[in-house]
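Hi,

Here is the structure I promised to pass on. Have a look at it first, and then read my notes below.

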Amino acid sequence: MMTLKPEIIAQLERVLSSVEMLLPRAVKRVDWTTCIAANWRRHSFSGFLEPVKMNDHTTLDELLGIEEQKEVMISNTRQFLAGLPANNALLWGSRGTGKSSLVKALLNKYAAEGLRVIQVEKEDLVYLSEIFSAVEDQPYRFILLCDDLTFEVGELAYKMLKSALDGSVYSAPENVLIYVTSNRRHLLPEYQSDHLGGKFVKGELQQSEAMEEKVSLSDRFGLWVAFHVFSQERYLEAVRLCVEREARQRQVELPWSDELSQAAIKWSRDKSKRCGRTAYQFTKYWVGRYLLAKRAA
């Protein structure tokens with residue numbers, strides 16, 4: 001039997017330790033019977049699905065001002081759950097207007113019917129084929145959610161998502177839909193120069209090659225669902241709902257008043273935004289201040 005020198009053994013141990021650091025850690029397979037949401041966690045050259053505890057219990061009824069958007073997404077998701085034709089969806093528009101909350105509310109509503117969500121960061125879209133392989137044999141329906149997505153020209157993740165939406169070898173299995181939220185309709189920054197080079201063909205203006213490329217990804221989503229800022233009336237409805245829900249959870253009574261209404265309006269003006277997120281942030285400020293004053297009294 002050959003005896004290795006101590007320095008050779010030490011070198012082998014260092015090599016094995018380095019290799020071990022590169023390998024993904026051993027993890028249990030996600031139990032989708034009890035887990036309704038997961039993240040794709042990157043590690044070295046691959047990654048794994050990691051269960052996520054859902055702490056957001058938003059319901060569809062609590063999302064105000066987006067009735068048309070809810071109707072479209074509910075219908076599409078129900079078709080998907082029923083095994084019927086359904087579309088990948090791009091939820092785009094002003095920040096804080098309920099795009100991500102709508103997807104979470106859909107999960108809360110339909111998890112009992114087999115809906116599951118996998119959230120993927122932009123940088124991890126290069127692992128789409130591995131994610132699809134991990135869930136394609138599961139008896140559940142998966143929404144692959146990429147939240148707040150924007151690209152710069154030439155990114156690899158852009159090309160991977162484009163291929164997955166285009167029905168290539170990277171396309172999603174029949175039990176996976178892709179929902180993306182973004183502030184940009186075309187997911188890429190647009191410049192004035194992009195519109196140069198357009199030309200008329202048979203009397204119709206054709207887009208420049210630069211714009212054709214920039215819309216080519218968003219065109220692959222079957223649904224474009226637009227979200228816009230609230231009217232003041234809708235914003236105050238959202239504030240009232242948020243305050244009532246927070247007060248109910250804290251088991252206190254917090255009556256609506258002109259003071260509360262004016263404070264909410266001022267808050268939205270300071271933030272330069274009327275949306276669900278602004279209403280929620282104001283609610284935390286107002287209810288927290290109210291409870292602190294009550295405790296000190």
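**What I found**

Cys242 is buried, at a relative accessible area of 12%; buried means under 20%, exposed over 50% and partly exposed in between, using a 1.4 Å probe on protein chains only. Before going further: this is a predicted model, where local features need pLDDT of at least 70 and side-chain atom pairs count only at pLDDT 80 or more, while totals for chains, interfaces and linings use all residues. Residues are numbered from 1 along each chain as its sequence is written, and side-chain values use heavy atoms, with hydrogens and water left out.

Back to Cys242, which sits in helix 7. (Helices are DSSP runs of H or I with at least four residues, strands are runs of E with at least two, and both are numbered from the N terminus.) Setting aside neighbours within four places in sequence, Cys242 is in contact with Ala279, Tyr280 and Thr283, where contact means heavy atoms within 4.5 Å. Cys242 and Tyr280 are 38 residues apart in sequence, yet their C-alpha atoms are 6.2 Å apart in space.

Thr283 is part of helix 9 (residues 276–296). With a relative accessibility of 1%, Thr283 counts as buried too. Not counting residues up to four places away, Thr283 touches Val239, Cys242, Val243, Glu246 and Gly288. A polar atom of the Thr283 side chain also lies 2.8 Å from the backbone oxygen of Ala279.

The largest pocket holds about 830 Å³. Pockets are found on a 1 Å grid over the protein atoms alone, as open sets of points where a 1.4 Å probe fits, with protein on both sides within 12 Å along at least five of seven lines; lining residues have an atom within 4 Å of a point. Grid points are joined across faces, edges and corners, and the volume is the space filled by probe spheres set on them.

Which residues lie nearest the centre of that pocket? They are Asp56, Thr58, Ser101, Gly276 and Tyr280, out of 32 in the lining. Helix 3 (99–110), helix 7 (232–250) and helix 9 each supply at least two lining residues, and helix 7 gives the most, with six. By type, the lining divides into eight nonpolar, 14 polar and 10 charged residues. Here Ala, Val, Leu, Ile, Met, Phe, Trp, Tyr, Cys and Pro count as nonpolar, Asp, Glu, Lys and Arg as charged, and the others, Gly among them, as polar.

Two loop residues are worth a look. Most residues other than glycine have a negative phi. Gln251, however, has a positive phi of about 60°, in the loop between helix 7 and helix 8 (258–271). Ser272 also has a positive phi, near 60°, and is in the loop between helix 8 and helix 9. Gln251 is exposed, with a relative accessible area of 75%, and Ser272 counts as exposed at 60%.

Finally, the nonpolar cores, meaning sets of buried Ala, Val, Leu, Ile, Met, Phe, Trp, Tyr and Cys residues joined through side-chain atoms within 4.5 Å. The largest has 34 residues, of which Trp32, Leu125, Phe151, Leu161 and Ile178 touch the most other members. Several elements give two or more residues to this core, including strand 1 (37–43) and helix 4 (128–135). Helix 5 gives the most to it, with five residues. A second, separate core has 25 residues, among them Ile66, Phe80, Leu107 and Val117.

Cheers

Methods: Polar contact = N/O pair within 3.5 Å; in protein donor to acceptor, adjacent residues only side chain to side chain.
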